[in-house]
Amino acid sequence: MKTAFCSLLGAAAILAAGATTSLANDRYADMPPVMVSPDLSAPWVLQLGHAPGIVRPTRQATRQPLQRLFQAQPDRQKTAAVQQPAKRMVMRPQINPIYLPQEVAYDGPAKPGTIVIDTHQNFLYLVEKNGKARRYGVGTGKPGFEWSGTHKITDKKVWPDWRPPAAMIKREAAKGRYLPTYLAGGIQNPLGARALYLGTTEYRIHGTNQPWTIGGAVSSGCIRMRNEDVVDLYERVNVGTTVEVI
């Protein structure tokens with residue numbers, strides 16, 4: 001009897017030891033997921049914060065979009081503060097409309113076909129019939145270079161070459177401006193698109209690459225016109241036309 005009782009106590013001790021070890025090991029084991037039945041009533045399910053069967057995102061997953069948001073904000077603020085620099089525009093003086101070509105009344109003594117240049121008012125008149133004239137604005141000789149007289153047009157040239165007189169080269173060099181002895185015709189040539197040569201003088205009626213100077217006393221004695229105006233005059237007159245400078 002005593003032996004049987006001891007055997008029962010030994011068996012119970014072995015079972016208790018096994019159960020204790022099992023419970024200790026289960027504490028660190030992975031727990032199975034808890035599945036919620038979809039039949040549960042809606043109010044109870046809503047307390048879970050999501051529908052059954054949907055996995056909640058982890059904290060790390062929800063944090064990443066916020067990190068991207070905060071990282072993007074400084075870039076947007078910097079680019080919004082940057083402004084493109086304003087472009088600088090160079091404005092050229094505009095010619096006074098009074099110096100643009102126009103038909104005017106003429107009651108002077110010159111015959112039709114004659115060119116009359118008024119160096120005081122800076123106008124060139126091409127006298128026409130019936131008391132009319134075609135008037136152009138011109139640039140004339142600056143103080144010290146005024147002149148008057150009557151000559152014939154002895155030559156006409158398209159995009160003329162320029163050979164500054166020796167006196168002009170010397171005069172401009174004294175001012176620190178050195179002129180070439182020769183410059184081929186072209187847009188950079190100060191004689192412009194056309195030239196009408198007056199008698200045997202060094203004076204010409206010619207175009208210019210500085211149209212804003214028309215209407216002033218600006219030249220060394222030549223009569224200066226806008227390129228489009230001297231082209232128009234060039235087509236209207238011939239070699240032998242009389243030019244009166246007053």
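Which residues is Cys 222 in contact with, leaving aside its neighbours within four places in sequence? They are Gly 139, Thr 140, Gly 141, Glu 202, Tyr 203, Arg 204 and His 206. The legends below describe views of a predicted model.

**View 1. Overview of the protein.** The predicted model contains five helices and 11 strands. Of the 246 residues in the protein, 28% are buried. Among contacts between residues at least 6 apart in sequence, 61% join residues at least 24 apart. The protein exposes about 17400 Å², and carbon and sulfur atoms supply 58% of that area. The count of salt bridges comes to seven.

**View 2. The two positions annotated as "active site".** The annotation comes from an unreviewed UniProt entry and covers His 206 and Cys 222. The two positions span 17 residues in sequence, yet their C-alpha atoms are not more than 7.6 Å apart, so they gather at one spot. Both His 206 and Cys 222 belong to the lining of the largest pocket. The side of the pair formed by His 206 is in strand S8, which covers residues 204-206. Cys 222 is placed in the loop between strand S9 (217-219) and strand S10 (223-224).

View 3. Is His 206 buried or exposed? His 206 counts as buried because its relative accessibility is 5%, under the 20% limit. Neighbours within four places in sequence are left aside in the contacts that follow.

**View 4. Surroundings of Cys 222.** Cys 222 is buried, with a relative accessible area of 10%. Among its contacts are Gly 139, Thr 140 and Gly 141. Glu 202, Tyr 203, Arg 204 and His 206 are also in contact with Cys 222. Two of these residues, Arg 204 and His 206, lie in strand S8.

**View 5. Arg 204 in strand S8.** Arg 204 lies in strand S8 and counts as buried at 13% relative accessibility. Not counting residues up to four places away in sequence, Arg 204 touches Trp 162, Leu 191, Ala 195, Leu 196, Tyr 197, Leu 198, Cys 222 and Ile 223.

**View 6. Salt bridge between Glu 103 and Arg 134.** The side chains of Glu 103 and Arg 134 meet in a salt bridge, with an N to O distance of 3.4 Å. The pair links distant parts of the chain, 31 residues apart. Glu 103 is in strand S1 (residues 102-105), and Arg 134 is in strand S4 (residues 132-137). Glu 103 counts as partly exposed at 46% relative accessibility, whereas Arg 134 is buried, with a relative accessible area of 16%.

**View 7. Salt bridges of Arg 226.** Which residues form salt bridges with Arg 226? Glu 228 is one partner, the closest N and O atoms being 3.2 Å apart. Asp 229 is another partner, and here the closest N and O atoms are 3.0 Å apart. Arg 226 is buried, with a relative accessible area of 14%. Asp 229 counts as buried at 3% relative accessibility. Elsewhere, salt bridges that share partners join Glu 103, Arg 134, Asp 232 and Arg 236 into one network. Glu 228 counts as partly exposed at 47% relative accessibility.

**View 8. A nonpolar patch on the surface.** Val 158, Trp 159 and Ile 187 form this patch. Together the three residues have about 290 Å² of accessible area. Val 158 is placed in strand S6, which covers residues 149-158. With a relative accessible area of 43%, Val 158 is partly exposed.

Methods: Residues numbered from 1 in each chain as written. Predicted model: local features only at pLDDT ≥ 70, side-chain atom pairs only at ≥ 80, totals over all residues. Heavy atoms only, no water. Helix = DSSP H or I, 4+ residues; strand = E, 2+ residues; numbered from the N terminus. Buried < 20%, exposed > 50% of the residue type's maximum accessible area, 1.4 Å probe, protein only. Contact = heavy atoms within 4.5 Å. Areas by Shrake-Rupley, 256 points an atom, 1.4 Å probe, with all protein chains shown as cover. Salt bridge = Lys/Arg side-chain N within 4 Å of Asp/Glu carboxyl O. Patch = residues over 30% accessible without salt bridge, like charges linked within 9 Å, V, L, I, M, F, W, Y side chains within 5 Å. UniProt positions renumbered as here; feature names shortened; annotations may be inferred. 1 Å grid on protein atoms, 1.4 Å probe; cavity = no way out; pocket = protein on both sides within 12 Å on 5 of 7 lines; lining within 4 Å.
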